[in-house]
Amino acid sequence: MELKIIPVVQVLIAIALMTLLSIYFPTLNYSATYSDYLAILLLFIALLLGFFAIYSFRKHKTTVNPSKPETSSQVVNSGIYQYSRNPMYLAMLLGLLAYACYLANPLTLGICALFIFYISKYQITPEERILTELFGSEYSNYSLKVRRWL
């Protein structure tokens, strides 16, 4: 299962599951005036993070393809990557949290937790193993200095 389902598809699956939970458990939906504003704020932050993450990869002329980390040409450790080793996945999570706020159903937060578990185990861990093999101590030292998520 490692690196088989690309992260964008994982997000789409999570969105579908969140939508289904909201439809099948409508009695749990809550109404809060701040929920929509929080959703917009989270989505805005997610889009900014995603943009800066992709920009950093493009600037360093390395791959953004999550299913082929072995084609990475260098460790990107500047820009947004000095704060998070996985800002693209963090952006995806924030997007899911924004959708959870929009749906206003607490069950949807469980899908966000499943997303964290799944992407950590089947995407991030294999990527880190491959990057350690490719870049050795450079990536290991980077991993010690910068947190996985935030």
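1. Contact here means heavy atoms within 4.5 Å. By that criterion, the buried residues of helix 3 pack against helix 1, helix 2 and helix 4 (108-135). Helices are DSSP runs (H or I, at least four residues), numbered from the N terminus. Buried denotes under 20% relative accessible area, exposed over 50%, and partly exposed the range in between, with a 1.4 Å probe and protein chains only.

2. Basis of the values. This is a predicted model, in which local features need pLDDT of at least 70 and side-chain atom pairs count only at pLDDT 80 or more, whereas totals for chains, interfaces and linings use all residues. Residues are numbered from 1 along each chain as its sequence is written, and side-chain values use heavy atoms, with hydrogens and water left out.

3. Helix 3. This helix covers residues 87-103, and its 17 residues reach 24 Å from the first C-alpha to the last, close to the 24 Å expected at 1.5 Å a residue. The expected span is 1.5 Å times one less than the number of residues in the helix. Helix 3 is mostly covered, with twelve of its 17 residues buried. Among these buried residues are P87, M88, Y89, L90, A91, L93 and L94; further along helix 3, the buried set includes L96, A98, A100, C101 and L103.

4. Positive phi values. Most residues other than glycine have a negative phi. Which residue just after helix 3 takes a positive phi? That residue is A104, with a value of about 55 degrees. A104 is found in the loop between helix 3 and helix 4 and counts as buried because its relative accessibility is 9%. K61 also has a positive phi, near 55 degrees, and is a residue other than glycine. K61 is found in the loop between helix 2 and helix 3; its relative accessibility of 73% places K61 in the exposed class.

5. Salt bridges. Side chains of opposite charge can pair when their charged atoms come close. A salt bridge is taken as a side-chain nitrogen of Lys or Arg within 4 Å of a carboxyl oxygen of Asp or Glu, and the count by this rule comes to two. In one of them, the side chains of R85 and E128 meet at 2.6 Å, N to O. This pair links distant parts of the chain, with R85 in the loop between helix 2 and helix 3 and E128 in helix 4, 43 residues apart. R85 is buried at a relative accessible area of 13%, and E128 counts as buried at 12%.

6. Because E128 lies in helix 4 and R148 in the segment after helix 5 (137-145), the pair ties together parts that are 20 residues apart in sequence. R148 is partly exposed, with a relative accessible area of 27%.

7. Aromatic pairs. A pair of aromatic rings is described by the distance of the centres and the angle of the planes. Rings of Phe, Tyr and Trp (its six-membered ring) pair if their centres lie within 6.5 Å; planes under 30 degrees apart count as stacked, over 60 as edge-to-face and the rest as tilted. The structure holds six aromatic pairs. One of them joins F51 and F52, whose ring centres are 5.4 Å apart and whose planes stand at 70 degrees, so the pair is edge-to-face. F51 is exposed at 51% relative accessible area, while F52 is partly exposed at 39%.

8. F51 and Y55 form a stacked pair, 6.2 Å centre to centre with 20 degrees between the planes. Because they are four residues apart in helix 2 (residues 33-59), F51 and Y55 are separated by about one helical turn. Y55 is partly exposed, with a relative accessible area of 47%. Ring pairs link F51, F52 and Y55 into a cluster.

9. Surface patch and V8. A nonpolar surface patch of about 1100 Å² has among its members I6, V8, V9, L12, I13 and L107. Patches are made of residues with over 30% relative accessible area and no salt bridge, like charges being joined within 9 Å and nonpolar side chains (Val, Leu, Ile, Met, Phe, Trp, Tyr) within 5 Å. Accessible areas come from the Shrake-Rupley method with a 1.4 Å probe; for residues, only the protein chains shown count as cover. V8 is found in helix 1 (residues 7-24) and counts as partly exposed at 48% relative accessibility. V8 and M92 are 84 residues apart in sequence and 8.2 Å apart in space, C-alpha to C-alpha.

Notes:
Helix = DSSP H or I, 4+ residues; strand = E, 2+ residues; numbered from the N terminus.
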